[in-house]
Amino acid sequence: MKQMLPQCVLLLGLIAASWVVRADQASDMQKMLNDQVMAKPFSVEDEAKLNSYIEEATKRGTPPKSEPSKYWRRGYTCNDLRRYSWNDYRDCSYYYRYYGYYWPY
């Protein structure tokens, strides 16, 4: 039994060290994600254009495009499409406001 004690202590030490490494990796990943979000441009002017487009389309009674963007992936939101195309972002936003949910895909 005494012979197993050093091995158990070593094993527990390795487990604790791996938890510390994982915590550091998670922290680094969160920092990287935060940096990516902050690097994306946000323009109030773009939001005003989007709102006016949606208001006009609603007044005309034009339904949103039912076909999702070619960049659309499961789990995306409209903001994920901004990096690809303003039109894709606009169409997604209009669809979401019209139906209350994202494209089923």
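The predicted structure holds 13 aromatic pairs, where rings of Phe, Tyr and Trp (its six-membered ring) pair if their centres lie within 6.5 Å, and planes under 30 degrees apart count as stacked, over 60 as edge-to-face and the rest as tilted. W72 and W103 form an edge-to-face pair, 5.2 Å centre to centre with 85° between the planes. This pair links distant parts of the chain, with W72 in the loop between α2 (44-60) and α3 and W103 in the segment after α4, 31 residues apart; helices (H or I, at least four residues) and strands (E, at least two) are DSSP runs, numbered from the N terminus. The rings of Y95 and W103 have their centres 5.6 Å apart and their planes at 40°, so the pair is tilted. Ring pairs link a cluster whose members include Y53, W72, Y95 and W103.

W103 is buried at 5% relative accessible area, and Y95 is buried at 6% (buried means under 20% relative accessible area, exposed over 50%, partly exposed in between; 1.4 Å probe, protein chains only).

R90 lies over the face of Y53, at 4.3 Å from the ring centre, and R82 over the face of Y89, at 4.4 Å. A charge sits over a ring if NZ of Lys or CZ of Arg is within 6 Å of the ring centre and within 35 degrees of the ring normal.

A search of the whole structure finds one disulfide (a pair of cysteine sulfur atoms within 2.5 Å). The sulfur atoms of C78 and C92 are 2.1 Å apart.

Residues are numbered from 1 along each chain as its sequence is written. In this predicted model, local features need pLDDT of at least 70 and side-chain atom pairs count only at pLDDT 80 or more, while totals for chains, interfaces and linings use all residues, and side-chain values use heavy atoms, with hydrogens and water left out.
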